[in-house]
Amino acid sequence: MRWINWLQRQPDKLMPPPFRLLQIGSAFWQSRALYTAASLDIASVLGDEARNAETIAECVSANSDAVYRLMRMLAARGVFTEVAPRYFKNNRVSDQLRTDRSDNIRAMILLHNSSEMSRPWFEQLEQGVITGQVPFELAHGQPFYEYLDRNDEFDRLFGAAMASVDAVAGDSFAVDFDWGHFERVIDVGGSGGNKSLTILKHHPGLTALVVDRASVVAKAAENWAGEANPVLLGRLKFVAGDLFARLPLARSDKDVYFLSAILHGISDTDCVKLLTNLAYASADSGARVALLEFVLPETQMDLAGTSFDMQMFMATRGRERRLSEWQSLFLNSGWVLEERIGLRSMGTILLLRKN
């Protein structure tokens, strides 16, 4: 990730400042073009074949000239390849949008460009910066997670997008940390259990308990039926819970509470409440807490970390945090940082023990 961040900065240094500013100012042209191709599911239509713009347009019920102009713009950006005049084929980038691939990130593209997520950026970001209010709440009149609870279609899209995160981040969270030291993972806010299943695949001696909203866990187990190894599913259980109230109690020091990208979406006050709740649930068992989060450097922050931080500002009362900020949260909730595990992909695992 450090290499990628360095590489991405090099063209910026060579580009004339006015052109660089124009490029940044019009970057949404590219994101909207990509969203349109993803929404029309053009990558799935192409599959392994090369097709002309007319055939693509017929398959997606669109205008052929408009499809051609859309496709050549995306091909110029490296998404799809124009193999002959007006003929396009998938490439290694557009392949990640194909719905016949289990590791596709189409849902993530649809989520970030949905009206729910784009309106706050376009309509309320400036007001949010001026007042400190959450742009999502200004645009939609309610907090992000309440909106999820009340809008089933958006909730499903959000769940699908979160399930596709591993296609971006890989499985380093499951292999770069010694989960084998434990016997049970209590996956707090684990949604459909994707990350738990990945951990279980790499560590046969483990079981996992996924804790999330009742509406999420009610569908989670049946969603995996026929999709995963039954023996593997037998080691995975789901239970409804409230992050700020009742959580499963730890049984011993062989339990580990796992929270993946949960705390960055909530305020410092709520982080302390949640961590304090975990301290109560772990009691004197010796159970640990493993947090999978970004840890921002104290200075010289990269574009990825600061962009995620602005996304948190747009949608929630959360933030990406520096290590000093994480340490302050731990100190105020009864935990101490025992180990920091850097991952080969994105993120860091922070292992906590009771203070």
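Predicted model: local features only at pLDDT ≥ 70, side-chain atom pairs only at ≥ 80, totals over all residues.
A word on names. Helices (H or I, at least four residues) and strands (E, at least two) are DSSP runs, numbered from the N terminus.

Let us take the sheet with Ala 84. Three strands form this open sheet, in the order β1-β3-β2, and the pairing is antiparallel; two strands pair if DSSP finds at least two bridges between them. The edges are taken by β1 (51–52) and β2, each with a single partner strand, so one side of each has no neighbour in the sheet. Between β2 and β3 (residues 87–89) there are three bridges. Helix α6 packs on this sheet and touches β2 and β3, where contact means heavy atoms within 4.5 Å. The direction of α6 makes about 50° with that of β3; axes are lines fitted to C-alpha atoms, for helices over the stretch in contact, and angles run from 0 to 180 degrees between N-to-C directions.

Helix α6 (residues 64–76) also meets helix α5 (residues 53–60): their axes come within 8 Å and cross at roughly 110°. The two helices are therefore roughly perpendicular, a term for angles of 65 to 115 degrees, with under 35 counted as roughly parallel, over 145 as roughly antiparallel and the rest as oblique. On the α5 side the contact is made by Ala 53, Glu 54, Ile 56 and Ala 57, and on the α6 side by Ser 64, Val 67, Tyr 68 and Met 71. These residues divide into six nonpolar, one polar and one charged. Here Ala, Val, Leu, Ile, Met, Phe, Trp, Tyr, Cys and Pro count as nonpolar, Asp, Glu, Lys and Arg as charged, and the others, Gly among them, as polar.

In the loop between α6 and β2 (81–84) lies Phe 80. Most residues other than glycine have a negative phi. Phe 80, however, has a positive phi of about 75°. Phe 80 is buried, with a relative accessible area of 1%; buried means under 20%, exposed over 50%, and partly exposed in between (1.4 Å probe, protein chains only). Ala 261 likewise has a positive phi, of about 55°, but is partly exposed at 36% relative accessible area. Ala 261 sits in the loop between β7 (255–260) and α17 (268–282).

Strand β7 leads us to the other sheet. Seven strands form it, open and with mixed pairing, in the order β6-β5-β4-β7-β8-β12-β11. Its edges are β6 (236–240) and β11 (335–342), each with a single partner strand. The twist averages 25° from one strand to the next. Five bridges pair β7 with β8 (residues 288–293) in the parallel sense, and Ser 260 stands opposite Leu 292 in β8. Helix α15 (residues 214–224) packs on this sheet, touching β5 (207–212) and β6.

Finally, helix α8 (residues 115–131) and helix α18 (residues 303–315) pack at about 85°, their axes 9 Å apart. Among the residues that meet are Trp 121 in α8 and Phe 313 in α18.

Notes: Residues numbered from 1 in each chain as written. Heavy atoms only, no water.
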